[in-house]
Amino acid sequence: MSMLYDTVARLCADRGISVTAACKRAGISPGILSDLKNGRKKTISVETARSLADALGVSADELTGGEPTPPSDMLLAYYGEVKDFLDDDDKQDLIAFMRVKAELKKNDKNRDNGTGIG
């Protein structure tokens, strides 16, 4: 069994989905991961890795054994999944929301630190 398959299986288990469900989300054939599992393949294409990583909410680097993706990158990865459905007004609304949320968090932190700012 390949290390890549083990990583995919672990990520699926962490998310409470089957490997087959992850393949379906990624739009790839479950046979690709079956081949990895059974040693018939050692690698997958970059495009397949990206699709699978997007379906699992991780970076392709993390999927292939690299460092975990910071949460902000996960947000950007998710944005990639939905960006085609958003118009410019939606994007501006999301940016404004993130700015307000960040300001609220900053104010909460300042209040908790006793700086009196916020």
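Lys-106 and Glu-103 both belong to helix H7, where they sit 3 residues apart, about one turn of the helix. The model is a predicted one. An α-helix has 3.6 residues a turn, so residues three or four places apart point the same way. The side chains of Lys-106 and Glu-103 meet in a salt bridge, with 3.7 Å from N to O; the cut-off for such a pair is 4 Å. Lys-106 is partly exposed, at a relative accessible area of 45%, and Glu-103 is also partly exposed, at 39%.

Helix H7 spans residues 88–113 and also holds Met-98. With a relative accessibility of 42%, Met-98 counts as partly exposed. Together with Ile-95 and Phe-97, Met-98 forms a nonpolar patch on the surface. The accessible area of Ile-95, Phe-97 and Met-98 together is about 280 Å².

Another salt bridge joins Asp-14 to Arg-10, with the closest N and O atoms 3.6 Å apart. Asp-14 and Arg-10 are 4 residues apart in helix H1, which means a separation of about one helical turn. Asp-14 counts as exposed, at 55% relative accessibility, whereas Arg-10 counts as partly exposed, at 42%. A further salt bridge links the side chains of Arg-40 and Asp-35, at 2.8 Å from N to O. Arg-40 is exposed, with 54% relative accessible area.

The segment before H1 contains Ser-2. Is Ser-2 buried or exposed? At 12% relative accessibility, Ser-2 counts as buried, because the limit for that class is under 20%. The side chain of Ser-2 reaches the backbone nitrogen of Tyr-5, at a distance of 2.9 Å.

Helix H4 covers residues 46–56. Its buried residues are Thr-48, Ala-49, Ser-51, Leu-52, Ala-53, Ala-55 and Leu-56. What do the buried residues of H4 pack against? Their partners are four helices: H1 (3–15), H2 (19–26), H3 (30–37) and H5 (60–63). Just after H4 comes Gly-57, which takes a positive phi of about 75 degrees.

The cysteines remain. A disulfide is a covalent bond between the sulfur atoms of two cysteines. The rule used here asks for a pair of cysteine sulfur atoms within 2.5 Å, and by this rule the count comes to 0 disulfides.

Terms used
Residues are numbered from 1 along each chain as its sequence is written. This is a predicted model: local features need pLDDT of at least 70, side-chain atom pairs count only at pLDDT 80 or more; totals for chains, interfaces and linings use all residues. Side-chain values use heavy atoms; hydrogens and water are left out. Patches are made of residues with over 30% relative accessible area and no salt bridge: like charges are joined within 9 Å, nonpolar side chains (Val, Leu, Ile, Met, Phe, Trp, Tyr) within 5 Å. Accessible areas come from the Shrake-Rupley method with a 1.4 Å probe; for residues, only the protein chains shown count as cover. Helices (H or I, at least four residues) and strands (E, at least two) are DSSP runs, numbered from the N terminus. Buried means under 20% relative accessible area, exposed over 50%, partly exposed in between (1.4 Å probe, protein chains only). Contact means heavy atoms within 4.5 Å. A polar contact is a pair of N or O atoms within 3.5 Å; within protein, one must be able to donate a hydrogen and the other to accept it, and residues adjacent in sequence count only if both atoms are side-chain atoms.
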